[in-house]
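Please walk through this structure with an eye on how its parts pack. Start with the charged pairs, then move to the sheet and the helices.

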Amino acid sequence: MSTNIRTGIIGYGLSGRVFHAPFIDVVEGFELTKISTSNPEREALIEERYPITAVVPDGKGIIDDPEIDLVIVTSPNTDHFRWAREALLAGKHVVVEKPFTVNVEEAAELIEISKRQQKILTVYHNRRFTSDTKTVKKLLDSGLLGEIVDYETHFDRYRTEPRPRGAWREEPLPGSGIFYDLGSHLIDQALWFFGMPEAVTAEINSQRPWAKADDHFDVRLHYPTFTATLKSGMICRIPGATYMLHGTNGSFVKYGLDVQEATLDGGAKPEGKDWGREPENIWGTINAEYKGVKIQGKLESEHGDYRDYFINLRDAINGKVPLAVKPEEALNVMRIIELAFQSSREKRTITIV
């Protein structure tokens, strides 16, 4: 391996363009070597922004290149397993966009191959690195709210019509629908905060009459002393709270999303000390009493920074630090997804064994 980790990105849709290429480009220790796309418009965007990066028509042009050290899979969910498996067998380190795969069996096979090949395998659970999630994690670790008695999180949107052009997430395909798409974020956050629950109760359905895949979910993760509620819908003109936590010492409620995606989608480079800083108007509200001290008002959000994911990835590949997002954690997300669908189908609570 050269000094830099030579990286190929399979796909240049929103994920490749916004969440991966900009960071491989700016984080020291990586080289953005190749991107695959067969879309002429996307190829033109790559050539304009990354003039020294080679463009190839499909993932084979990346996986078969002996110079590539790391493959990032940002293809549609149905192809995550295929590309990740081929890349691992070719001796590459692999990042898979979330969700990991479309089922637990595929995820377990990829983990087994990565261990056999002695290569890094991780999943892009990037919302651990957002301003809102980092703030909640810090708050929970501090014990300021006391024992948590209720937790609720929303990832709501408003779009009543189909996308203008065919979107694979809206087609009845394995891994389609918003539960795989947005639910994987909310599940990973809950597991990161609280670990695996004891049971799952879920309602996953479609609210828009034309929908071919799920566009709404209400999932309850049952812990010994509280329930974590994860909700998302596509007919929410007023979104629910991004986070709402109630504890024995106080409460924290936050609205609004981390600003990184919108900033990146606008073409900005992820640079500078103010990267990921939230505007004050979307900071969360806290009302708590800690050791006799009353705390009430706005709580300044942590800075979101996806760069930290890639810095950790670089250092893990180089054997310097443990991996931040372990593939076994991503497999647990897939376990919850499968159990939630089972719960929704059978209209009952499923105990996790």
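How many salt bridges does the count come to? The model is predicted, so local features need pLDDT of at least 70 and side-chain atom pairs count only at pLDDT 80 or more, while totals for chains, interfaces and linings use all residues. Residues are numbered from 1 along each chain as its sequence is written, and side-chain values use heavy atoms, with hydrogens and water left out.

The count comes to 29 salt bridges. The rule asks for a side-chain nitrogen of Lys or Arg within 4 Å of a carboxyl oxygen of Asp or Glu. Glutamate 67 sits in the loop between helix 3 (60-63) and strand 4 (70-73), and arginine 6 in strand 1 (residues 5-10), so the pair ties together parts 61 residues apart in sequence. Helices (H or I, at least four residues) and strands (E, at least two) are DSSP runs, numbered from the N terminus.

Two strands pair if DSSP finds at least two bridges between them. Strand 9 (residues 216-222) pairs with strand 10 (residues 227-233) in the antiparallel sense over 7 bridges. There, phenylalanine 217 stands opposite serine 232 of strand 10. Angles run from 0 to 180 degrees between N-to-C directions, and axes are lines fitted to C-alpha atoms, for helices over the stretch in contact.

Helix 10 (residues 327-346) also meets helix 7 (residues 178-194), at about 120° with axes 9 Å apart. That makes helix 7 oblique to helix 10. Angles under 35 degrees count as roughly parallel, over 145 as roughly antiparallel, 65 to 115 as roughly perpendicular and the rest as oblique. Contact means heavy atoms within 4.5 Å.

The contact includes Ile111 and Lys115 from helix 5, and Leu331 and Glu338 from helix 10.
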